[in-house]
Amino acid sequence: MPKNRIRATIVRASAVLLMLVACGAPLGAQWPFGPPPPPPPPPAWLLAKVDPLLLDQLPLGGQSYVIVRAQNAGAVGFVSGLIDTLGGTLGRTLPILTARAARLPNAVVLLLAANPLVQRI
């Protein structure tokens with residue numbers, strides 16, 4: 001009797017394994033071998049807010065010294081707080097330009113430019 005039980009267990013296990021192999025997802029669906037697609041480019045309105053020389057520096061990484069112009073004089077304080085939040089170092093306030101000098105990580109320049117209180121970087 002024990003031999004019959006062992007055979008039955010082997011047959012059942014083989015049937016389950018066969019069903020898993022036949023009905024499972026193909027290997028290509030489980031293992032993405034290719035790199036993910038690149039992110040879409042930033043919109044034109046966002047690139048228009050950033051100086052072209054600064055745009056050339058963005059892929060290099062590191063930090064850049066910039067002047068961030070606010071929409072109005074009341075927004076300079078909010079922009080300064082945003083610069084600080086994004087990991088930048090605040091420089092002088094430039095009241096004639098309604099702007100703030102700063103040193104920003106290149107990785108966050110486009111994020112800062114996307115803020116509606118920022119007029120130009």
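This is a walk through the predicted model, from the whole chain to single residues. Local features need pLDDT of at least 70 and side-chain atom pairs count only at pLDDT 80 or more, while totals for chains, interfaces and linings use all residues. Residues are numbered from 1 along each chain as its sequence is written, and side-chain values use heavy atoms, with hydrogens and water left out.

Start with the inventory. The chain holds six helices and four strands. Both kinds of element are DSSP runs, numbered from the N terminus: helices are H or I of at least four residues, strands are E of at least two. In sequence order the pattern reads α-α-α-α-β-α-β-β-α-β.

Now the overall dimensions. The C-alpha trace spans about 95 × 25 × 25 Å along its principal axes. The accessible surface comes to about 8,800 Å², with 69% of it belonging to carbon and sulfur atoms. Accessible areas come from the Shrake-Rupley method with a 1.4 Å probe; for residues, only the protein chains shown count as cover. Of the 121 residues, 23% count as buried. Buried means under 20% relative accessible area, exposed means over 50%, and partly exposed lies in between (1.4 Å probe, protein chains only). Contacts, meaning heavy atoms within 4.5 Å, can be sorted by sequence separation. Among those with a separation of 6 or more, 68% join residues 24 or more positions apart.

Four strands form an open sheet in the order 2-3-1-4, and the pairing is antiparallel. Strand 2 and strand 4 (118-120) are the edge strands, each pairing on one side only. Neighbouring strands of this sheet are turned by 40° against each other on average, direction ignored. Two strands pair if DSSP finds at least two bridges between them. Strands of a sheet pair through backbone hydrogen bonds, either parallel or antiparallel.

Take the pairs in turn. Strand 1 (residues 63-70) joins strand 3 over seven antiparallel bridges. Here Y65 has R103 of strand 3 as its bridge partner. Strand 2 (residues 89-94) joins strand 3 over four antiparallel bridges. T93 has R100 of strand 3 as its bridge partner, and L90 stands opposite A102. Strand 2 and strand 3 form a hairpin with four residues between them, and T98 in the turn has a positive phi of about 45°. Strand 1 and strand 4 pair in the antiparallel sense over two bridges, and A70 has V118 of strand 4 as its bridge partner. Helix 5 (residues 76-85) packs on this sheet and touches strand 1, strand 2, strand 3 and strand 4. Its direction makes about 10° with that of strand 3. The axes are lines fitted to C-alpha atoms, for helices over the stretch in contact, and angles run from 0 to 180 degrees between N-to-C directions.

Five of its seven residues are buried, so strand 3 is largely enclosed by the rest of the structure. A99 lies in strand 3. A99 is buried, at 0% relative accessibility. Not counting residues up to four places away in sequence, A99 touches I67, V68, R69, A70, V76, T93 and L94.

S80 sits in helix 5 and is buried, with a relative accessible area of 6%. Leaving aside neighbours within four places in sequence, S80 is in contact with L90 and R100. The side chains of S80 and R100 make a polar contact of 3.2 Å. A polar contact is a pair of N or O atoms within 3.5 Å; within protein, one must be able to donate a hydrogen and the other to accept it, and residues adjacent in sequence count only if both atoms are side-chain atoms.

Finish beyond strand 3. N106 lies in the loop between strand 3 (99-105) and helix 6 (109-113). Is N106 buried or exposed? N106 is buried, with a relative accessible area of 4%. A polar atom of the N106 side chain lies 2.5 Å from the backbone oxygen of G61. Leaving aside neighbours within four places in sequence, N106 is in contact with Q57, L58, G61, G62, Q63 and S64.
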